[in-house]
Amino acid sequence: EEAERRKEEEGGDESEEDSTDEEEEEEPGVLEAALWARKGEVLLEMGDEGGAEKAFERSLELHDSAEVEAALEAQKRDRKAREEAARQSLLVEASLDKERGTELFKARKYPQAVEAFTRALAVEPRSAVYLMNRAVAYLEMSKSMLAAKDFDESIASAREGGDMELLVKVLGKKGRMWERLAAVKGTPTTEKQKRLEDAAKAFDEG
């Protein structure tokens, strides 16, 4: 009986040791996850948002944590909000550049007007209005090829956006451009005829 009792005790000790070993095997993953989460917090304080997100994501891969997941989601929301605020600020500045370009155009400062419209287009490269305005400024500088290119891109953008009123306006300006170029003294007859045909085509499309 004594021998059996000892055997049972020894067996119990082994079971406890096995249980302890299992717990110890789970512990490193949790600890590593906690370290990654802490790293994410530090990186966030340092302003490294991209690094912080990666650290939080790595932490969640190692161990699910509602707290870390909430921190990651909050970080993503804050970043998107800041990006949207920055985007809106750029759009406002682009609109102001468009207004500056219009005033410069009225003052016949065409190169400066082109620069202003170009700055606006850096923010909204597919803006049919900005492209049209720069095209007109280019035309006043006798840069007809650049004007034609901007007119074509403006027309394409207006079509894509479904803005038919603006489309008709741009086509009209393009048509008048070709009429104006056809009327330039010394223009060869064949070139004059081609420009008039391009004008007619633009007016027909409008």
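Biologist: Which residues of the largest nonpolar core touch the most other members?

Modeller: This is a predicted model. The largest nonpolar core holds 23 residues. Those that touch the most other members are Phe 151, Leu 166, Val 170, Met 177 and Trp 178.

Biologist: Which elements give two or more residues to this core?

Modeller: The chain has eight helices and zero strands. The elements giving two or more residues to the core are α4 (110–123), α5 (128–140), α6 (144–161) and α7 (164–182).

Biologist: What does Val 170 touch, not counting residues up to four places away in sequence?

Modeller: Val 170 is among the core members that touch the most others. Beyond its sequence neighbours up to four places away, Val 170 touches Met 132, Phe 151, Ser 154 and Ile 155.

Biologist: How many residues make up the second, separate core?

Modeller: Ala 52, Leu 60, Val 68 and Leu 72 are included in that second core. Its residue count is eight.

Biologist: Is Ala 37 buried or exposed?

Modeller: Ala 37 lies in helix α1 (residues 2–45). Leaving aside neighbours within four places in sequence, its contacts are Phe 56, Ser 59 and Val 68. Its relative accessible area is 10%, and the cut-off is under 20%, so Ala 37 is buried.

Biologist: What separation do the C-alpha atoms of Ala 37 and Glu 69 have?

Modeller: Ala 37 and Glu 69 are 32 residues apart along the chain. Their C-alpha atoms are separated by 9.8 Å.

Biologist: What share of the chain's residues count as buried?

Modeller: The chain has 206 residues. The share that counts as buried is 30%.

Terms used: Residues are numbered from 1 along each chain as its sequence is written. This is a predicted model: local features need pLDDT of at least 70, side-chain atom pairs count only at pLDDT 80 or more; totals for chains, interfaces and linings use all residues. Side-chain values use heavy atoms; hydrogens and water are left out. Helices (H or I, at least four residues) and strands (E, at least two) are DSSP runs, numbered from the N terminus. Buried means under 20% relative accessible area, exposed over 50%, partly exposed in between (1.4 Å probe, protein chains only). Contact means heavy atoms within 4.5 Å. A nonpolar core is a set of buried Ala, Val, Leu, Ile, Met, Phe, Trp, Tyr and Cys residues joined through side-chain atoms within 4.5 Å.
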